[in-house]
Amino acid sequence: MATITNMMEKLVDAIINEQKAKTDFCVCETCLADVRCLALNRLPAKYVTTSKGELYSKMDQIMESQNKLDLDIAVISAIEYVCTHKQHPDSKDIKSRK
Ligand SMILES: [Zn+2]
């Protein structure tokens, strides 16, 4: 069965994971959802029809055709925004980085 996927969501998730390893920011569910929303609102949607196995090869194609730097910038600025506009009080979860 073919499904429609917004590849940009997958790319943003991949970049958020990269940034988690590099940067210290709150990774609670709320903040991560905010980062995804903000970044995705700044980036064009990339819908593709896929059957399961195809997803990752399409992801590579899109990763190559998109300027990776634009994606990084969108995600990093979303992280910076969410860090300074947290929807919860500062607490221990700020240091919840693994
Ligand atoms: Zn948080």
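Start by selecting M63: leaving aside residues up to four places away in sequence, M63 touches L11 and K68. Keep in mind while looking that the model is predicted. M63 belongs to helix α3, which covers residues 55-65. Is M63 buried, exposed or partly exposed? It counts as partly exposed, because 15 C-beta neighbours lie inside 10 Å, and a residue needs 20 or more to be buried.

M7 and M63 are 56 residues apart along the chain, and their C-alpha atoms are separated by 9.4 Å.

Now zoom out to the whole chain. The protein chain holds 4 helices and 2 strands, and colouring from the N terminus on shows the order β-α-α-β-α-α. Among contacts with a separation of 6 or more, 91% join residues 24 or more positions apart. Of the 98 residues, 18% count as buried.

Next, select residues 68-84, which form helix α4. This helix has 17 residues, and from the first C-alpha to the last it reaches 25 Å, close to the 24 Å expected at 1.5 Å a residue. Show the side chains of L71, A74, V75, A78, I79 and V82, the buried residues of α4. Turn the view to look down the helix axis: the buried residues fall within an arc of 130°, so they line one face of α4. Then show L69, D70 and T84, exposed residues on the face turned away from that buried side.

What do the buried residues of α4 pack against? Select α1 (7-22) and α2 (29-42), the two helices they pack against.

In handedness, the crossing of α2 past α4 is right-handed.

To see the contact itself, select C31, D34, V35, L38, A39 and R42 on the α2 side. On the α4 side, select A74, V75, A78, I79, Y81 and V82.

Methods:
Residues numbered from 1 in each chain as written. Predicted model: local features only at pLDDT ≥ 70, side-chain atom pairs only at ≥ 80, totals over all residues. Expected span 1.5 Å × (residues − 1). Buried ≥ 20, exposed ≤ 12 C-beta atoms within 10 Å, placed from the backbone. Arc of directions from axis to C-beta. Contact = placed C-beta atoms within 7 Å. Left-handed = near helix turned anticlockwise from the far one by under 90°.
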